[in-house]
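Let's take a friendly walk through the strands and helices of this model. Keep the viewer open as you read.

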Amino acid sequence: MPKDEFTYIIGHKNPDADAICSAIAYANLKILQGHKGCIPARCGNTNARIDTILSKFSQPTPLFVGDLSPRARDIMVRDVVKVSEQATISEALELIDAHDVRVLPAVDEDGRLKGHVSIYQMGDYFVPKFHEPRAMRHVHTSIKDVAKALKADVKFVRDENTLQDMYVKIGAMDIRSFGKFSASDAIPASETIIIVGDRWDIQQRSIQIGVRLLVITGSLGVDPEVIEEAKEKGVSLIISPFDSATTAWTIRTASRISKLIETDSSTIRPDEHLKHLNRRIAKSNAQAFMVTDDKNRLLGLFSKTDILKPNKAKVILVDHNELSQAVPGASEVDIIEVIDHHRLGINTAQPIRFINDPVGSTCTIISELFRQSGIDPSPEIAGIMMSGIISDTLNLTGPTSTPQDSEAIAWLEKLAGIEADDLAQEIFNSGSIILTMDADQVIRSDQKFYEDNGFKFSVSQIEELGFQNFWDHADSIAATLEAFVSQESLDFACVLITDINKHNSLLVARGDKEFIRNISYPTIQAGLIYDLKGVVSRKKQLIPFITSSLKGMAPADN
Ligand SMILES: [Mn+2]
């Protein structure tokens, strides 16, 4: 299946369990509904919790997609019709005709690009040039290629593989003018090809003056004595099945393409971004652009139309709708659907299917889509959706949890054959992020970036059973966060550590002094760590606090 028929179903950067589980479940629903090419994807690493869920319900880790911006390799034709630089015009024309292409890349034996020939260049070769009569008779080829093009009956050949310039002449005149004509022509006999019918006198004279090749037309017989003389004088002699006019034309097509190859082909590397290529290509007159690797081997080609109307990948965003949280390049492809439960933050060029419901988890919405379609998910997919809901709503106990999430869990429990409380135990016990990762990874593992009132900031969240692991690593997490703010040119950054047992959080904040001063939660330590009693939701509790706090400040001049 060509790449353009794929639809990636993908959650946000730094995926959490809901982002991964909703992508898997929605791709499954789409496939059951008969949509082809839907692929669950992710744009970040999994974590211990996600790995536990995937292995419990026998699901492969979704495909990693790091960047969706279209590149040359996404639009190039891979099975390129190409021609050997050694080929004859006849072979090249046959390829052009058989494959209906305009441009043929010419390659050497190692597949390296030497240039290209086009139907225009070859047409020009055959266009009569009356001011240059020699050019109309010129061929650059070998005797062997001529014999092959004519499917000739070879009587005698000498140096048949030597590639040379030769000039075709039809011996149609009387023997008395034939000799004079050859003399006035200023073309040496050794470069002359004579085409003649059953005219014994012209055949004799051609051999006597030592022409390079004598072609007898119309499958006419030739005296054994003439063949003997040709051998003696070293004149190559072949018999063409065609009449003289056809023979002359066919010999010209036996000319090698080597002198016609246009060597200044526009070459492009496969990973060049289309948005960077656009201007260069719009200005170019080239008909085709060759994609080559660093050894100049031909990988593919594309035309101007291919780049102006690229076959874009399609994407469905789940569990997010802000481009700052989406896979890089998402804005350059077609976003065809969004299914989410976060605040709105997207504009699209086209109307799209957009489902946003303030429930506790994207998996709740997906389970409702299953129900609306009258499709029961498999026990594994039901378990995957339960996991997303349990993870996002702290097993229906968090403040973002709604009656719809409880209903979804009740429905899915039966289909999965598993109790939500048992599954929650397994999910929440699967590995403390603080114990298994270093401080930098702790910050990045579930981090979201925001822009509000001119402020750029990030909020990471980690869920732990109790705060002991955090206190053991608080200093290094705070110091790493401080460095992160300047590395990423942010105004400030926060880490919310949530105790999923007691439903409280701690907040580490670093960056903009005024913002930090405005944090009204009680400080636990002089080290800018705040006690957020009863706060467990980044989305519903912390982000609204931050945005209202920023409203009271002068806009940042980013
Ligand atoms: Mn979610």
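The sections below cover the basis of the model, its sheets and its helix packing.

## Before you start

This is a predicted model, in which local features need pLDDT of at least 70 and side-chain atom pairs count only at pLDDT 80 or more, while totals for chains, interfaces and linings use all residues. Residues are numbered from 1 along each chain as its sequence is written.

Helices (H or I, at least four residues) and strands (E, at least two) are DSSP runs, numbered from the N terminus. Two strands count as paired if DSSP finds at least two bridges between them.

## The six-stranded sheet

Which order do the strands of the six-stranded open sheet follow? They run β3-β2-β1-β16-β17-β18, with parallel pairing. At the edges are β3 (63-64) and β18 (353-356), each of which pairs on one side only.

Inside this order, strand β16 (residues 314-318) and strand β17 (residues 334-340) run parallel and are joined by five bridges. To find the pair in your viewer, look for Lys-314, which stands opposite Asp-334 in β17. Helix α13 packs on the sheet and touches β16, β17 and β18, with its direction at about 100° to that of β17. Helix α1 (residues 17-32) lies across β1 (7-10), β2 (38-42), β16 and β17, and runs at about 175° to β2. For such values, axes are lines fitted to C-alpha atoms, for helices over the stretch in contact, and angles run from 0 to 180 degrees between N-to-C directions.

## The three-stranded sheet

Another open sheet has three strands in the order β4-β5-β6, and here the pairing is mixed. β4 (83-84) and β6 (113-118) are the edges, each with a single partner strand, so one side of each has no neighbour in the sheet.

β4 pairs with strand β5 (residues 103-107) in the parallel sense over two bridges. Val-83 has Ala-106 in β5 as its bridge partner.

## Strands around β12

Strand β12 (residues 236-239) pairs with strand β8 (residues 153-156) in the antiparallel sense over three bridges; Phe-156 stands opposite Leu-237 in β12. Strand β11 (residues 213-216) runs parallel to β12, and four bridges join them. There, Val-215 stands opposite Ile-238 in β12.

From β11 the chain crosses through helix α9 (residues 224-233) to β12, a β-α-β crossover that is right-handed (with the strands pointing away from the viewer, the path from the first strand over the helix to the second runs clockwise).

## How the helices pack

α1 and helix α2 (residues 48-56) pack at about 30°, with their axes 9 Å apart. They are therefore roughly parallel (angles under 35 degrees count as roughly parallel, over 145 as roughly antiparallel, 65 to 115 as roughly perpendicular and the rest as oblique). α1 passes α2 in a right-handed crossing (the near helix is turned clockwise from the far one by less than a right angle; anticlockwise is left-handed). Ala-17, Ile-20 and Cys-21 of α1 make the contact with Arg-49, Ile-50 and Ile-53 of α2, where contact needs C-beta atoms, placed from the backbone, within 7 Å. Five of these residues are nonpolar, none polar and one charged (Ala, Val, Leu, Ile, Met, Phe, Trp, Tyr, Cys and Pro count as nonpolar, Asp, Glu, Lys and Arg as charged, and the others, Gly among them, as polar).

Helix α13 (residues 362-373) packs against helix α15 (residues 403-416) at about 60°, with axes 9 Å apart. The two are therefore oblique to each other, and α13 passes α15 in a left-handed crossing. Thr-364, Ser-367, Glu-368 and Arg-371 in α13 meet Gln-404, Asp-405, Ala-408, Trp-411 and Leu-412 in α15. This contact has three nonpolar, three polar and three charged residues.

Conventions: Two residues are in contact if their C-beta atoms, placed from the backbone, lie within 7 Å.
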